[in-house]
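Thanks for sending this one over. Below are my comments as numbered points, written to be read with the viewer open.

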Amino acid sequence: MRQQNEALMRAALEAAERGWYVFPLRPGDKRPALHGEASCTYTGDCASGHLKWEQRATRDPERIRTTWWHTPYNIGIATGPSNLLVVDLDMPKRKSSKGSSDAPSGAATFRALCERAGHPVPDTYRVRTASGGEHLYFKAPDGLRLNNTAGTIGELVDTRAWGGYVVAAGSITDTGTYEAVSGSVAAPLPEWLQTILKPAPVRSTGPLRLPAVDGSRVALSALEAECAVVSAAPDKQRNTTLNRCAFKVGRFVAWGDIPRHVVEEAFQGAGEERGLTAAECRATIRSALDSSIRKARPREAA
């Protein structure tokens, strides 16, 4: 038991040395070990009011040694105060005790998203979770406050930032150990991921209305017709339909008949309305338009 205490203490101290704020999780568990507001005595750290785990997380080596000296707490990292954005790549749930799901893992979904966006999977500090998933650590950009997301990037791909935490490397649960597997530092969050994760402006829920002056009549008519096709796409063909329809309209962008941002905004609204995530829409539309513009023949030859 003493060896386990010391190993967890070292892991907590190492995280703090990286500049990350840590707090205790229940031994062998992923839940915070700190008291809740209902049982708060409003003494000690809470003398001026109840402090939650995000507020009580610390980088103080003496507090860490005191906390982990007698109890083998697992380690939580408060991502917001640590200036971290952690991408959580989950494993699909088992269909039964005898078989596994055929759904792609979060890691596979994230790799596919990176490919569609034209970027490699970022090289950064990476932790294998007890369930076989992965945590990718990124340094959040200064001045941009990001919150947790669930499914915004893709299926089984969540993020932890302000208001969230992750289980640190070295922690142990019944299903396994959290282990750092690659990368020595948290890389800066890539700009293309920032774009996906920035809070989107509130979108109108009314019918699609295209600006009458922002594009030729033929281009706008084509855009409206293709957006209608996306809105009516069957569930299993939503992304394929979005790609095909955006590709068709891309030639009008290449010819200068309509601004690209008008096309992107219209298809983004149609795709999200049909149930695709914002990230899926952005990546698919960008890829389709890039390809269409690159391959567009001159107007005279079309």
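The points below go through the basis of the model, strands, a helix pair, salt bridges and cysteines.

1. **Basis.** You are looking at a predicted model, in which local features need pLDDT of at least 70 and side-chain atom pairs count only at pLDDT 80 or more, while totals for chains, interfaces and linings use all residues. Residues are numbered from 1 along each chain as its sequence is written, and side-chain values use heavy atoms, with hydrogens and water left out.

2. **The three-stranded sheet.** Helices (H or I, at least four residues) and strands (E, at least two) are DSSP runs, numbered from the N terminus, and two strands pair if DSSP finds at least two bridges between them. With that in hand, look at the open sheet of three strands in the order β1-β2-β8, where the pairing is antiparallel. The edges are taken by β1 (21-25) and β8 (165-167), each with a single partner strand, so one side of each is left without a neighbour in the sheet. On average, and with direction ignored, neighbouring strands of this sheet are turned by 35° against each other.

3. **Pro24 in β1.** Five bridges hold β1 to strand β2 (residues 74-78), and the two run antiparallel. Pro24 is found in strand β1 and stands opposite Ile75 in β2. Is Pro24 buried or exposed? Pro24 is buried, with a relative accessible area of 9%; here buried means under 20% relative accessible area, exposed over 50%, and partly exposed in between (1.4 Å probe, protein chains only). Pro24 and Ile64 are 40 residues apart in sequence, yet 8.9 Å apart in space from C-alpha to C-alpha.

4. **β7 and its partners.** Strand β7 (residues 157-160) runs antiparallel to strand β3 (residues 84-89), joined by four bridges. One of the pairings to check is Val86, whose bridge partner in β7 is Arg160. Three bridges also join β7 to strand β6 (residues 149-154), again antiparallel, and Ala150 has Asp158 in β7 as its bridge partner. The hairpin of β6 and β7 has two residues between the strands, and Leu156 takes a positive phi near 65° there.

5. **The α8/α9 pair.** Helices α8 and α9 pack at an angle of about 140°, with their axes 9 Å apart. Axes are lines fitted to C-alpha atoms, for helices over the stretch in contact, and angles run from 0 to 180 degrees between N-to-C directions. The two helices are therefore oblique to each other: angles under 35 degrees count as roughly parallel, over 145 as roughly antiparallel, 65 to 115 as roughly perpendicular and the rest as oblique. Arg260 and Asp290 form a salt bridge, with the closest N and O atoms 2.9 Å apart. This pair links distant parts of the chain, with Arg260 in helix α8 and Asp290 in helix α9, 30 residues apart. Arg260 counts as partly exposed at 24% relative accessibility, and Asp290 does too at 35%.

6. **Other salt bridges.** How many salt bridges does a search of the whole structure find? The search finds eleven, a salt bridge being a side-chain nitrogen of Lys or Arg within 4 Å of a carboxyl oxygen of Asp or Glu. Among them is the contact of the Arg126 and Glu134 side chains at 3.2 Å, N to O; Arg126 and Glu134 are both buried. Another joins Arg274 and Asp235, with 2.5 Å between the closest N and O atoms. Arg274 lies in the loop between α8 (260-273) and α9 (278-295) and Asp235 in the loop between α6 (217-231) and α7 (238-254), so the pair ties together parts that are 39 residues apart in sequence. Asp235 counts as exposed, at 51% relative accessibility.

7. **Cysteines.** A search of the whole structure finds zero disulfides, a disulfide being a pair of cysteine sulfur atoms within 2.5 Å. Cys46 is in no disulfide, and the nearest cysteine sulfur, that of Cys40, is 3.8 Å away. Cys46 counts as buried at 1% relative accessibility. For Cys114, also in no disulfide, the nearest cysteine sulfur is that of Cys281, 17 Å away. Cys114 is buried, with a relative accessible area of 1%.
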